Structure formats: structure tokens, C-alpha cells
Amino acid sequence: MSPQELRRRHWRLNRWLTASLLGLWFVVTFGFSFFARDWDVRVLGWPLPFWLAAQGSLLVYLLIVVIYAGVMNRLDRACGVAEPEE
Amino acid sequence: MGRRGESLRFFRRQLNKVYRWYTGGFLLFLLALALLERLGLPRSWIGAIFLLATVALYAAIGIMSRTTDEDAYYVAGRSVPAFYNGMASGADWMSAASFIGLAGTLYLQGYNGLAFVMGWTGGFCLVAVLLAPYLRKFGRFTIPDFLGERYGGRWPRLLGVFAALLCSFTYVVAQIYGVGLIASRLTGMAFELGVFLGLGGILVCSFLGGMRAVTWTQVAQYIVLIVAYLAPVAWLSVKQTGSPLPQWEYGQQLDKIAAKELALATDPKELQVRRVYEARANVLRIKLQDPAAALVGDRAEAESRLQALRDRHAQPNEIALAERELALLPKDEASARAAWRRELEDSETKSGALNGMAPHELPFAGDPKGSGAQQREFEASRWNFMALVFCLSIGTAALPHILARYYTVPSVREARQSVAWSLFFIALLYVTAPALAVLVKYEVLYHLVGTPIHELPSWVSAWAKVDPGLLSFKDVNGDGILQLNEISIGGDVIVLATPEIAGLPYTVSALVAAGALAAALSTADGLLLVIANGLSHDLYFSMFDPQASTARRVTLSKVLLLVVALAAAYLAAQKPADILFLVSAAFSFAAASFFPALVLGIFWKRATGAAAVAGMLSGLGITLFYMVTTQPWLRSVFHVSGPVRLWWDIQPISAGVFGVPVGFAVMVIVSWLTPAPSAEVQAMVDRLRYPWAGED
């Protein structure tokens, strides 16, 4: 593949990853809080809506940023757009 | 292996060594002070030592990092490793609001306070995938830089500077105010003096070394603040549940709180107290219908009571008490109205269940299955929660002082990693704050409520004496036992009192204050730098004097930093009203002004300069309009009259929820209506999207 085609693929996959992670962010942040009153159950001693807002969402956010960094750095190398190793 | 790579690796090893020594030294310092306290060192000394030692430490780092080099002054030489940039960003991000205010808000609002937790952390997901890597590839010095290069012309940059100044300046005034408060409380000095001492602390960190000094002091400040926050909470947790990890355990405390809340709602003593406050509220409502007459009546009553005491030759202290009561009456109708309105609010809160607080784990207010009014209340509460989370998230991803941090890492790869580290270091505190709120509420509900007043723990009376605004209680129904509705707890006291609640020595209380100071100083530094650099680099250099030498630009930055800091300190010393609102408003402003322009600039080549200008103006305009017409303080400042008309029941604090979509829509429409950007600009946008596209 020519460098140009590799770059196009890189940008395409970047956008796809970005959209997916943003979608996940949206669902966890707004989806879960919208139904907070309805999901009034207890899981492992915790009220579910409270735990989701106080801890669950933070875990997902951390996963999102870690996954993005890891996947993109690998993608950079695969498509030849990674910064030169110093 | 390149020279730069090798020197960066060496630098990283040096950093690890330096900060390991720093952390070790800090812990030894704590132990030494705790020991000295045991041996009798008075509290005021301990407070002063903490204040001076920590500020001296930051000053030392600041002076060691002094520079006149442009790269070092604006972006710390782009040599800050991702891990350390994460810590610096954490400190930069967490201001006194996070450190002191968050746990307090969570205590008072329960689930609904979690909007702040989700908003202020979730925003970093947006930073990671939409902004940080691309800004780092852009690689200049400031955010208006990006707007100027991407959109051309001078208006996008100018608007960017204006928006950055607006957000950062309101935010920094609030931080300096916080610094003054903490400094004065630690040492007992006057508030104004505390402000200027804090100002000195801020300046020594940032004045000489710019971003380089600010970065390394922020790392040091992060270490202080995270130890100061986590240690007391862990100790309190051990005291309550035996586990030092409250974040893991506090689910069971939530259970117990819910049970107690249920019991208190029907407790006859609580109902008694509530009726007393309701009666008071009724009296006050009648008084407020005609304050002038009521004041005259009050005064006559107090005077006749005093006269009666004098006539029957009562005890001198009884007479003195009656004289004081007469003297404390409001002087005129205006102050009477203000005072009684405050009292009415207070009485109305205290006549409600659970001292005006919602059940801790209950999401939103109202009842989706209740009456029409209750359903409407539920909907409004739910939408406001989500609107607030929206504004705080988008605002997080748009505040210039955070975005600027990602200019300082060595590479795009490290920029992405740095956002992850930032979120990790921030999450350490943000996952602990709800736990702290729950632990303290448990303490209040189980160890204070229902206890005879003379048996209350010592920390209650100690804090009530220090500041009745923060904590006070009154035995309103005269039964000698404390009911929940008889206490008034201000949110800020939660974090400050935790060491004492946990039974820790005063050294830890001073540590907490030092941590709050570190949080406020670090954020203030970051904000001041944005303001000064915006004025010197974006306004002066880019627009007035592009021939200015590096030395002149850096010097101008330093001078402006000083001037702006003094202006902010002056304003902070006036104790402006509604500081918390101003800080939250800064998020909505930043979100509406910057977010659409930045994101579309990166992801949409067709976005034009005219569209950016239109988008920024309309987004910010709508947000300002909504706030000025609905927020009480702003309405009084701008003399807005007429009824408050909320759009879909959204509170003014979340005005950004209208500004952001409007900004996006306007940008898209105007872009289509104006000629596409030049091939050069489009190529520039293209280059932004790859960490390395064949350049060198």
C-alpha cells in the first residue's frame, strides 16, 4: 500500500475508533443517568445508579482514554505515521 | 538513537529521582511536625510552618526553573513526560472547588452532586479523542494560536483571546479568593493579607519560569494535595468500617444511611423541630409583607422588654442581654428585608424533611409516578442533571489552561498517554470524594443526631466556634438532644473537619489546609499563565508587533502576569458575591466559545474562518444572554427586570447546553455559505491528523 493509502486507512480507523469511544462515553454518561430512577436495584450491596455514577462511569472513562492511547499508538506504527523513534 | 531521545530519557530518570526524594522528604516533614505537636508545639505555629514551608518549597522549584527561553516559558521546552504531565494536569485541573467544595456538595446533594464527578472526569474522554493529540501535532504555544492559524484572519484569534480571558479571569479570581481564605485560616491572619500572601505564592511559582516553573511546581503540589486528601479519609474509614479503602467499602454505609433517613422522616422529635421552624417561617412571611411596620413593632417590643427588666431591677447580665438584642435588630427596612429573607430561606429549609437534603442515594427530585407537579419536578431535575453534566464535560474539554498542558509533552504519542495519566490522577480524588461525603454523613446521622448536646464530640463545638457560618446548632425544641434539623452544616466544613472527626492530630488538619492551598495555587498558576501568554503572545506579538524579539515577548509575558495577578487579587479581596456560580459559569462560556470551533477545525476541512467567528459569537452570545436574563446576581448587575423565563426548566448554570449546539449549527451553516478554506489550510488540517506525515 502506498503511504497515501495507508494514511487514508489510518484516518478512517481513527474516526471509527473516535466515534465508538464517544458513543460509549455518551451511553455511560447520559444513558445510565436517564434511567437512574428506574434501575433501582442493589448489586453486591451497592445501589446500582449511585455506583454507576460515582464509580462505574469513572472506570469506563479511564478505559476509554487508555484504550484510545494504546490502540492509536499501535495503529500509528502499523500505518507508518508513527513519530520517528528517538 | 537520537540525541534528543537520549537526553529525554536521562531527564526522565532525573525527574524520578528528584520527585522520589521530594515525596520521601515530605512524608518525613509530616512525621516531624506530628512529633513536635506531641511535644507541645502550639497550633498556630504548626499552621504557619505548613504554610511557609510548602510555599517556600514551591518558590524554590519556581526559582530553579527560571528561564527566558521562549520554548521553556510557553511550553516547558516540550519535554514533560506523559506521567509527570498527568500529575501536573491533575493539580492544574483540581482547584479549591474540587478539593474542598466537591465533597461538601456531595454531602448536601447526594446523587445529584455526582453530576460534578461525571462531568469533570468524563470531559477528559473528549480531550483525549478530540483534541489533545491534534493540538500537540499543531505544536505552537496557545489555543488562540490554533484558531488563528486554522481559520486565518485576525478575528478568530482575537475572539479566542477574549473568550480565554473571560473564562480564565473569573476562574482565577475565585482561586485567589480561596487561597486568601485558606491562608488566613491556617495562620489566623486577616483575609486581605492572606490574599496577598497567596498572591506572592502564586507569583514565585510562575513569574520567573513560566510554564516550565508552573509544571514542576504543579507536580509537587499534586503530591501534597493527594496525600492531604486521601490520608484523612483512609483514617476515618478505618475508624468506621475497619478498612482503609473507603472507595471499596462505602456501599454498606450507604445502606445504613438510607435506613436512618427513613427512620428520621417519621421521628416525632424531628417533626417537632420541623414544626418550630415552620412556625418561624410563617411569622417571617407575615413580617416580610410589611417590613417597615414589622421593624417598628419589633423595636417597640424589645424596648418595652428592656424597660420592664430595668423597672424590676433585674440582674445586670439579663439587662445586658436585652440591650444586645435591641442593638442587633436591623437598622432600616432594607437590611431588615434582607436579613429576614435569609432567615426565611433558612427556616423553610429546616422545616423540610432531612434538614432540606434529599435522600442521599435518590437520583433526582420529584416523583415520576406522582402528581402532575411532582412529575414535572422529576423531569426538570433529570434534565438539569444531564445538562449540567453536558456543560461540565464539554467545558472541561474547552478550557484553555487544560488544553495548553498537552503542548508540553514531547510527542503526539505521549500526548495521548498523558491524558490517560491525567484522568488517572484526577480519578484518585474523584472516586474518593463521594466516599468521604458518605462517611461524614454516616458520622452525622449516627453519632451526632440523637446524642445529648453536652456529649457531642469536641470537633462540633470547635468548628462552631471557628465559623458559625460553616457549622452551628441550636436546641430548638429544648429537649437537650440534637436533632438533624437543629444542625446547620456548610459544605466546606466536610473536608476541613475530617481529620478531627477521625481523631487525627492537628498536624493532619494543617496538612489538609496545605493540600487545599496546593490545589488552589496550582490552578491559579495555570490560569494566570494562559491570561498572560494570551495577552503577550496572541495579542501583542501576533497582532501588533510580529517583529518583537523572543526576549521582549517573554519579558512582556512576565510583566503582564504580574499586572493581571494584582488585578485578580484586588478583585478577590473585595469578596465578590456568588463565586461558585462564576466558576461554574466559566465552564459554560468555554464550552460554547471554544468547543465547536476547535473540534470542527480539526475534523472538518470545510469549516471556514467566517463560520468560526459566527459560531463563537453566537454560541457565547446565547450563553451570556441566557445567564444574564435568568441568574439572580447577574440580573441585578445588569438591571434585568421582568419574570424569569427558563427554557425547558434549565437552570442558568447550564446555559452552555444551548450555546454549544447553536455554535455547531451556526458554524456548519455559515461554512457552507462561504468559500472553502485555501488548499494550504486544508493541507495543514490534513497534517494534523497524523503524528508524522513524512515531515521532519
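B:Gly77 sits in the loop between helix H3 (70-75) and H4 of chain B. Helices here are DSSP runs of H or I with at least four residues, strands are runs of E with at least two, and both are numbered from the N terminus. This is a predicted model, in which local features need pLDDT of at least 70 and side-chain atom pairs count only at pLDDT 80 or more, while totals for chains, interfaces and linings use all residues. Residues are numbered from 1 along each chain as its sequence is written, chains are lettered from A and ligands numbered from 1 in the order in which they are written, and side-chain values use heavy atoms, with hydrogens and water left out.

Stay with B:Gly77. Its relative accessible area is 29%, so the residue is partly exposed. That class lies between buried (under 20% relative accessible area) and exposed (over 50%), with a 1.4 Å probe and protein chains only. B:Gly77 touches B:Arg4, B:Asp71 and B:Ala72, not counting residues up to four places away in sequence. Contact means heavy atoms within 4.5 Å. The C-alpha atom of B:Gly77 is also 6.8 Å from that of B:Thr408, 331 residues apart along the chain.

Next comes helix H4 (residues 82-93) of chain B, which holds B:Phe83. B:Phe83 is partly exposed, at a relative accessible area of 32%. Together with B:Trp421, B:Phe424 and B:Leu428, B:Phe83 forms a nonpolar patch on the surface, with about 320 Å² of accessible area in total. Areas come from the Shrake-Rupley method with a 1.4 Å probe, and for residues only the protein chains shown count as cover. Patch residues have over 30% relative accessible area and no salt bridge; like charges are joined within 9 Å, and nonpolar side chains (Val, Leu, Ile, Met, Phe, Trp, Tyr) within 5 Å. Helix H19 (residues 412-430) of chain B gives the most to this patch, with three residues.

Now turn to helix H21 (residues 458-466) of chain B. Here B:Trp459, B:Val460, B:Trp463 and B:Ala464 are buried. They cover an arc of only 130 degrees around the axis, so they lie on the same side of H21(B). The arc is taken from the directions from the helix axis to the C-beta atoms. This buried side packs against helix H8 (155-187), helix H20 (433-448), strand S1 (471-473) and helix H22 (493-501) of chain B. The face turned away carries exposed B:Ser458, B:Lys465 and B:Val466.

Last, the interface. In chain B, 64 residues are in contact with 43 residues of chain A. Three salt bridges are counted between the two chains. In one, the side chains of B:Asp255 and A:Arg42 meet at 2.6 Å, N to O. A salt bridge needs a side-chain nitrogen of Lys or Arg within 4 Å of a carboxyl oxygen of Asp or Glu.
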